[in-house]
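Dear colleague,

Please find the structure below, handed over for your own work. My notes on it follow directly after.

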Amino acid sequence: VSTQSTGMHITEGISADAAAAAVEALAIAREWCASGCTDKSAKFIAGIFSHMQGGSCSLANEFCGECADRADSWVTNNQLPCCVESVVQKGIEAYDYVLENYGEAISEAAAVVEAGLSETAIAEARAIGARLENEFNCVATVNQDNQPDCA
């Protein structure tokens, strides 16, 4: 869907926000590399996935339930690297900013796209969205319950 067909246009504010986001993303990437975060996060991820594997938690496509319980028990004793937590928090801040500043425009664009879809496609998309939201909430709960001590 082009911006013309949705009636949307790129404003100076959107362009400025995109440019600021690019500068911030580059700074985050540089800090990630400088702090050795790739190795730290790889070790953490390998550990948590190894711990999660087993029982009814054998596929990564469903986190809620036993996988979340296993992840929670592992993270209780193995702190998320602070460099990862920093990126997570910046991502949450960016998401909140986009919703606050562009939520209405996003909803309008979604309505235009939805108008061109069948009822079946709309129902399938909503079901997928609900499932993703549920899974995200399980991940967020594990993260919130096990905040690392990153002073």
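In helix 3, the buried residues are Cys-37, Ser-41, Phe-44, Gly-47, Ile-48 and Met-52; buried means under 20% relative accessible area, exposed over 50%, and partly exposed in between (1.4 Å probe, protein chains only). They cover an arc of only 130° around the axis, so they sit on the same side of helix 3; the arc is that of the directions from the helix axis to the C-beta atoms. Helices are DSSP runs (H or I, at least four residues), numbered from the N terminus.

This is a predicted model, in which local features need pLDDT of at least 70, side-chain atom pairs count only at pLDDT 80 or more, and totals for chains, interfaces and linings use all residues. Residues are numbered from 1 along each chain as its sequence is written, and side-chain values use heavy atoms, with hydrogens and water left out.

The buried residues of helix 3 pack against helix 2 (12-34), helix 4 (66-77) and helix 5, where contact means heavy atoms within 4.5 Å. The face turned away from this buried side carries the exposed residues Asp-39, Lys-43 and Ser-50. Thr-38 also lies in helix 3 and counts as partly exposed because its relative accessibility is 46%. Between Thr-38 and Cys-83 there are 9.3 Å in space, C-alpha to C-alpha, although the two are 45 residues apart in sequence. Just after helix 3, Gly-54 takes a positive phi of about 135°.

Val-98 lies in helix 5 (residues 82-115) and, at 34% relative accessibility, counts as partly exposed.

Kind regards

Key:
Helices (H or I, at least four residues) and strands (E, at least two) are DSSP runs, numbered from the N terminus.
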